Amino acid sequence: MDGVKGKKIVIGITGGIAAYKAAEVVSSLVKKGAQVKVIMTAHAMEFIKPLTLETLSGNPVYYDMFSRPGAWEIDHISLAKWADLLVVVPATANILGKVAHGIADDLLSTTIMATRAQVIFAPAMNTNMYTNPIVQENISFLKRKGYMFIPPAAGRLACGDYGEGKLADIQDILETIENYFSRKSDLKGVKILVTAGPTREYLDPVRFISNPSSGKMGYAIAAACAERGAEVELVSGPVSIAPPPGVKLYRVETAQEMFEKVMEIFLSCHMVFKAAAVGDYRPETYCPTKIKKDSDKLILTLVKNPDILKELGKRKGKCILVGFAAETENIEEYATKKMREKNLDFIVANDVTRQGAGFEKNTNEGLLITREGEVIAIPQMDKKEFAHRIIDEIIKRCPALCQGAN
Ligand SMILES: Cc1cc2nc3c(=O)[nH]c(=O)nc-3n(C[C@H](O)[C@H](O)[C@H](O)COP(=O)(O)O)c2cc1C
């Protein structure tokens, strides 16, 4: 936790049953040398007394937006500017809803609105509240706007129900805070190409062959790289998600278009993540007008598309090449074979038959396999955190990537 030493962290506490757990977060951060200031909502003070947080943080607790400050400064502005990081723990459904809708009606929500610092939410609530589509939509919206989340755990909740909604483990919260500071800017000066999404291979103007790739994994990698300061170029097939902030997006449709764009860009890049699900074949002929259903049988002849990954492997030079393998059996064996055949440096192997991995899911789990044959198992987690974990492991093995670029 040395990463937090000297950092200025604002902890926001809202009115949930897990409010008392914020005391441990504050205490641990202070012990590790962070400067901590606490903002509590009025409802949070129904659960835990400010005196506890005041004693643990060694600072006054802030809760009243209209209190008269001793010196002439306005609390929500000065706290917003002071913070290197703002963590809301626990985060109620209410605070998520308020921030998502631009409501600033107390000191915490107003400070969140006013800060340029990263804000991390650690939600905790009853499972029916957490899975409520409105709460989920607010979370998705906030993620798209760059807010970070520490997802709640599943288990027995204080109300006696079982399910998702339990505040994440305190150690996970502390680790996320530490990771935030250690990851910040470690890819500054590094140029990264990410490919994402499916490709479409048209038969005629209205029909195509494709696959169910949502692009979520590739977009999560692009977002994670950008958060760490990299210059990111994202070549994406057709998807329905918004590009992450700070990423240069190139939209393509066919494998051939993706091939051409990737070949044009990759030479100037230090690293390539090839997360797109590229169609292996395309129809041999394209009919410029809609094919009519005149005959009982329609026989399609398919021809091979360019193998983008293989071509990158041939031309890659010093560029670090990371491939993805979606498999349904013999995961490690097939992925390793693909890595060798295509001259990759790393491969991320997923078993797409597993509950928490694969197309369209918000979580992923899998193996990161290195060229040297090391196999690192990454457990199920949110796709963005999965992306960060892959990057952490790659950086550990390729320190020159950061040093060389800085
Ligand atoms: C005993 C009790 C426990 C509560 N626990 C939670 C909780 O864990 N998560 C949550 O979102 N709301 C919880 N609530 C409801 C919030 O306190 C309520 O929505 C409140 O308006 C939140 O205000 P705040 O976000 O400004 O702190 C709880 C309420 C009570 C009475």
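**Labels and the values behind them**

Mentor: The side chains of D204 and R207 meet in a salt bridge, with N and O 2.5 Å apart. Please keep in mind that this is a predicted model, in which local features need pLDDT of at least 70 and side-chain atom pairs count only at pLDDT 80 or more, while totals for chains, interfaces and linings use all residues. Residues are numbered from 1 along each chain as its sequence is written, and side-chain values use heavy atoms, with hydrogens and water left out.

Trainee: Why is the contact of D204 and R207 called a salt bridge?
Mentor: The term asks for a side-chain nitrogen of Lys or Arg within 4 Å of a carboxyl oxygen of Asp or Glu, and the N to O distance of 2.5 Å between R207 and D204 meets that limit. The structure holds 21 salt bridges.

Trainee: What makes D204 buried or exposed?
Mentor: Buried means under 20% relative accessible area, exposed means over 50%, and partly exposed lies in between (1.4 Å probe, protein chains only). D204 has 0% relative accessibility, so D204 counts as buried, whereas R207, at 33%, counts as partly exposed.

Trainee: Which parts of the chain does the salt bridge of R183 and D392 tie together?
Mentor: The side chains of R183 and D392 meet at 2.6 Å, N to O. R183 lies in helix α8 (residues 170-183) and D392 in helix α13 (residues 383-397), so the pair ties together parts that are 209 residues apart in sequence. Helices here are DSSP runs (H or I, at least four residues), strands are runs of E of at least two, and both are numbered from the N terminus. R183 and D392 are both buried.

Trainee: With which residue does R228 form a salt bridge?
Mentor: R228 pairs with D392, the closest N and O atoms being 2.7 Å apart. R228 lies in the loop between α9 (216-227) and β11 (231-236) and D392 in helix α13, so this pair ties together parts that are 164 residues apart in sequence. Salt bridges that share partners join R183, D186, R228, E385 and D392 into one network.

Trainee: How do you know how many disulfides there are?
Mentor: A disulfide is a pair of cysteine sulfur atoms within 2.5 Å, and by this rule the count comes to zero. C269, for example, is in no disulfide, since the nearest cysteine sulfur, that of C319, is 6.4 Å away. C269 counts as buried because its relative accessibility is 7%, whereas C287, with a relative accessible area of 25%, is partly exposed.

Trainee: What makes I134 buried or exposed?
Mentor: I134 has a relative accessible area of 59%, so I134 is exposed. I134 is found in helix α7 (residues 133-144).

Trainee: Which residues make the nonpolar surface patch?
Mentor: I209, Y281, L300 and L302 make a nonpolar surface patch of about 330 Å². Patches are made of residues with over 30% relative accessible area and no salt bridge, like charges being joined within 9 Å and nonpolar side chains (Val, Leu, Ile, Met, Phe, Trp, Tyr) within 5 Å; accessible areas come from the Shrake-Rupley method with a 1.4 Å probe, and for residues only the protein chains shown count as cover. I209 is partly exposed, with a relative accessible area of 31%, and its place is in strand β10 (residues 207-209).
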